[in-house]
Amino acid sequence: MSVVRLTTDIAVIGGGASALALAAMLKGVNVTLLERGARAGKKLLATGNGKCNLTAVGVDGDGYNRPEDVAPFLLRFSPEKTVSFFRGLGLELRVLSGRVYPYSECASSVLDVLMAAAEENGAVIRTGHEARSVTRAKDGFVTEGVLLSDKGVEEGRFCVTSRAVVLATGSDATSGKDSLSLYVGLGHASRPFRPSLTPLLTDRESVKGLNGIRVKCRAELNGTTVTGEILFRDYGLSGIAALDLSSVYARGRARKGDTIHLDLAPDITEDALAERLGAHPDRSAERTLRGMFHSRVAERIAYRAGQRLDLPADGRALAAVIKDYTVTLHGTADASQAQVMSGGLRTEEFDNCLRSLRTPGAYAVGEALDVDGICGGYNLQWAWAAAYAAACGIAEDFPSATLTV
Ligand SMILES: Cc1cc2nc3c(=O)[nH]c(=O)nc-3n(C[C@H](O)[C@H](O)[C@H](O)COP(=O)(O)OP(=O)(O)OC[C@H]3O[C@@H](n4cnc5c(N)ncnc54)[C@H](O)[C@@H]3O)c2cc1C
């Protein structure tokens, strides 16, 4: 098999959000992105249901697994800086309920401006290049791997010599693959990936007959409370509030058998609710509940409250169930349904420019590091902030490099 040999200043392994942002932020050095897929930034196209929620107003460390580690990166590259970075690349934006999207509401617009800026800065994006090993060499690194056709068939090998290397391989969320082992030989350890921002598997009784119904609620699991939409499924709970709670399980702060508490009427106190539901003793529980909930949710509430639907409503008993509808956690869906993975390279092995403290000249950015956030632009905000930190490090280490952000 033929071997393609290349030399570059910076070899970036991966061609996703953080890799493209890094390439869009740096010029004056040769940057080569090695992406195994047939195109770069494919996952970006799926983000935010195809609209790409690229950051949000007020993103801070609290939405992440390690708030104190992430906060300094967000201070250096805040959501406001993300907005000005993308505006600088020519992307118009719109803010919907505090979340920032491209004005077009098409994720492809985000990818287009990142690709254009990376190419304007002179970066080379090599698709169909899957890295299989990274080794230390004289004055730098050697990254070796295989050349893949658009259909993923091996067609040859490549060998890239570089002065610095950046691991930007993301996680195995959706793809089922994990490239963290590339850095083991450079002295790095990682925390195993676990699916996060993924549906919750629960007991069947709690969700029986509710498949497809959405409710706005407050949900609590082991002290973490989120407010938002829950989508009942046959297997458990989906929707943004459920995805956010899945991070509690992914981070090891909840176990199978723990109880999720759903407040199905978070904007009303239990006393006010009891009074409202019991205000018409002549009305059946069914008539009373259906004015407030989907008929199938109303049936479940009545069942849990031990109420017959055709008898007058016991406002106090119904309110107690509505304010604390309990569901037993059985786990989470697998990586194929996860938006991110919890776990990755240990952050304490990298400095504030995401330079390896084990092997000088090696960097890591994005989800490959052990950083994961909740829904709502937190994970892409981390990808941009991490890319900026590494770009600053490279600009310090390479006198010819300049930041374009
Ligand atoms: C369905 C979905 C919706 C999402 N929506 C949002 C959202 O709206 N807002 C938000 O903030 N976050 C969202 N996320 C999360 C967000 O997409 C990720 O956090 C972000 O893409 C991580 O960026 P990254 O650069 O670290 O990794 P990625 O974007 O995953 O890029 C990694 C790249 O590296 C490549 N790669 C991996 N291994 C190798 C190798 N050995 N050799 C060469 N290339 C390799 C992969 O093919 C991939 O292209 C969503 C995720 C999913 C799956």
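1. A salt bridge here is a side-chain nitrogen of Lys or Arg within 4 Å of a carboxyl oxygen of Asp or Glu. In this predicted model, R36, E130, R132 and E154 are joined in a network of such bridges. Searching the whole structure gives 25 salt bridges. Three further pairs are described below.

2. R163 and D9 form a salt bridge, with 3.5 Å between the closest N and O atoms. R163 belongs to strand β10 (residues 154-167) and D9 to strand β1 (residues 3-13), so this pair ties together parts that lie 154 residues apart in sequence. R163 counts as partly exposed because its relative accessibility is 46%. D9, by contrast, has a relative accessible area of 14% and is therefore buried.

3. D271 and R316 also meet through their side chains in a salt bridge, at 3.1 Å from N to O. R316 is partly exposed, its relative accessibility being 45%.

4. In the salt bridge of D397 with R355, the closest N and O atoms are 3.0 Å apart. D397 is in helix α11 (residues 378-397), while R355 is in the loop between β18 (340-345) and β19 (362-364); the two residues are 42 residues apart, and the pair links distant parts of the chain. With a relative accessible area of 38%, D397 is partly exposed. R355 is buried, since its relative accessible area is 16% and the cut-off for buried is under 20%.

Terms used
Residues are numbered from 1 along each chain as its sequence is written. This is a predicted model: local features need pLDDT of at least 70, side-chain atom pairs count only at pLDDT 80 or more; totals for chains, interfaces and linings use all residues. Side-chain values use heavy atoms; hydrogens and water are left out. Helices (H or I, at least four residues) and strands (E, at least two) are DSSP runs, numbered from the N terminus. Buried means under 20% relative accessible area, exposed over 50%, partly exposed in between (1.4 Å probe, protein chains only).
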